[in-house]
Amino acid sequence: MISCRNLTKRFGDFTAVNGISLSVERGAICACLGPNGAGKSTTVKMLTGLLAPTSGDVTVCGQRVTVDAVEVKKRLGVLPEDLGLFEDLSIDEHLLLTADVYGLPKSVAADRIEQLIHALRLAPARRTFAGRCSHGTRKKTSLAMALLPNPEALFLDEPFEAIDPVTSKAMRDILVAASKRGVTVFLTSHILPVAQEIATQFLIIREGKIVWQAQAADLTAPLEETYFELAEPPTHGDLTWLQHPGNA
Amino acid sequence: MKFPANNLYYAAIAFLVMMDPFVMLFVGVVAGIVLFFPLSTDPLRRIPPSRFQLWPLDAAERRLLRMVSPWLNPMTWLVAGFAFWRGVSLGLGALAAALFLVGFLAPSLGLRGKGRSLGLPMLRMGPLGELIRKDLRGLVRTLDFYCALIVGGAAAAWRAAGLLPPDAFLPGTLLALLCISTCAQTLFGLDGRPGMTRYRLLPLRGWQILLAKDIAFVSVALLFTVSLAPLAGFAGALAALAAARYPAIRERRSQLRWRLQSGTSFGGALTQILAMVGAASAVHLYHPLLVLPCLVGWSISLWWGGREVERMAL
C-alpha cells in the first residue's frame, strides 16, 4: 500500500533523509519513531507529495506520487506537521471544504461531520475560526479532515501530541478500527507507549536513515528500551546551577 | 529595485510628484529608509506577544520600546515630514496620518472580529465553495477592501442621488479597482504556511485553486464598481489578476490582516496598473466586446498559474 525505495532528500549540503526504503502493507499501522530532526516529518512530506524527493521513488495506493499527484491525493488522508488549516475558516467550514473538494454527497457529509465532531469532542469550538482555536483543537480538526473522505491510507504526523487523554483514546480506537477495515496508517510519534499500543509495525529513523524496523509480533523487549538503545540514549545530566534559585 | 508597497502608495506618490517634482527628493529619502529599515511594520509585532510579556522588562522599558519602535517604520517619517512641510496641505497631512495610524494600530486594536463564524445555515456551493468563502473573508479582512468600500460606496450614493456625472463613472471605477488591486498580487499572502500545505494536500488542480481566488477578487471588484461601470470593472479586474499572476505565485509575500496589502515591486505594480487601466478604459470607451481579449488573457494566466501552483506543490 505504501512503499518507497532509496528515498533521499537534501537541503543544500544537509541530507535530511538518506536512502530510506520501506513497505507498509494494507491495513497495517506503521509507527515511525526517532528523535527530533531525525527526518520523520520530511519522510511523511515526501510520501504524501508535499515535498519532492531529491531521489528515490514513492508509491502509495498503487500509484507513484510524483506522476499523478491529484489522483493519489484523492485516496489519502493527511495530518501534516503544520496542520494545514486556514485561519479564516471555522472548524465546521474546514470539514465542509473537505466534503466539497472530495465530492461527498450532502447527507453522507453531514452524517460523517457530526460523528467526527462528536468523536473528537470538537462541538464547543465548531464555529470558531481555526486561527482562534487552541493547538489541540486545531490538531483534532486537521485529523477530522484527514478522516472525513474515508481514505485508503492515512499519514499522521505526531497525531497524539498536545491531545487530551480522552480524545487520544478515542483517536486510538478510531485508528485501530480503521486499520482492521483495511485502512493503512503511517504515523510518527514521540509517545512510545501509545505507538506500542496500536502499531503493527515499527521503524526508527536516526539522522535520516532507518536504523531499525520490526513487526509488533517480533518485539521481544519494551519499545522504550529498544528506542533508547538504537535511537538516542537518555542523557543523565544535572544542571547544578538550577539548584540555586535566583542566581542569574 | 524591489520596493514592496501597496498600489495606493505608488499612486499617492505619483500624484505628489505631479503636484511638485521637488517631492521626489523626499520620496527618495523615504525609499532609502525603507532599504535600510526593512521593518516597514510595527517592529514590536515581530516579537510573539507571549514572549514579550515574559521578558523581564519594567514598565518604563516597555514604554520606551513602544515609543521607539514606530520610528523604524518609514511611514512615521513620511507623516512627520508632512507635519513640517508647507507644501502639503493640512488635510492631506491629516489623511496620511490617519491612514498610517489605521494601518499601524489596527492589528493592536482588537479588530479581529468575534473569532466565530455566523451560525447561518451552511450553503454548499460546489467543490470550490468553501475556498471562495475563505478568500472572500480574507479580502474583507484587508484595509484595501475598506478603501475600495469608501470609493465604491460614495460613488453608489452619489449616483443614487443623481449627483454623479457619467464622465465620472470610469475614473470612479478605476479608483475602486486601484484600491483593491494589490490584493491580486498577494493572492496567497493571507494563507500562511499551513494554508499552503493544505492547498498542496487538496486533490485539486492548480487552476482550480486560483479560480477560487479569482472569483473572490472579481466579486469584490464588481461589488464596488457595479454602480459605476461594471463591465469596465470586470475587464479591469481580469486584467489586474492576469498582470499580477507572476508576482502572486512566484514572489509570494506573507501579508497581515487588517492592513493595506503590500505588493512585491514597483515594476510589477506599474504593469498591473497599466493593464488594469488599459483594459477598463478600452471596454468603457471603445467597445464592450473588448472584454473578450481580457477574458482570453486572464484564461491564459489561469492556465499558466495553475501549472506553477502544481509545480510549487512538488
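**First stop: a helix pair in chain B**

Select H7(B) and helix H11 (residues 206-225) of chain B: their axes come within 8 Å and cross at roughly 50°. Keep in mind as you look around that this is a predicted model. The crossing in which H7(B) passes H11(B) is right-handed.

Now show side chains. On H7(B), pick B:Leu131, B:Ile132, B:Asp135, B:Leu136 and B:Leu139; they make the contact with residues of H11(B), including B:Ile215, B:Phe217 and B:Val220. Colour this contact by class and you get nine nonpolar, one polar and two charged residues.

**Next: where the chains touch**

Bring chain A into view. Here 31 residues of chain B are in contact with 33 residues of chain A. Select helix H7 (129-140) and helix H10 (192-201) of chain B: each supplies at least two residues of the side that touches chain A. Which helix gives the largest share of that side of chain B? That's H10(B), with eight residues. By class, the side of chain B that touches chain A has ten nonpolar, nine polar and twelve charged residues.

**Last stop: a loop in chain A**

Go to A:Pro105, in the loop between helix H3 (91-101) and helix H4 (106-119) of chain A. Is A:Pro105 buried or exposed? It has 9 C-beta neighbours inside 10 Å, so A:Pro105 counts as exposed.

How values were computed: Residues numbered from 1 in each chain as written. Chains lettered and ligands numbered in written order. Predicted model: local features only at pLDDT ≥ 70, side-chain atom pairs only at ≥ 80, totals over all residues. Contact = placed C-beta atoms within 7 Å. Helix = DSSP H or I, 4+ residues; strand = E, 2+ residues; numbered from the N terminus. Nonpolar A, V, L, I, M, F, W, Y, C, P; charged D, E, K, R; others polar. Axes fitted to C-alpha atoms, helices over the stretch in contact; angles between N-to-C directions. Left-handed = near helix turned anticlockwise from the far one by under 90°. Buried ≥ 20, exposed ≤ 12 C-beta atoms within 10 Å, placed from the backbone.
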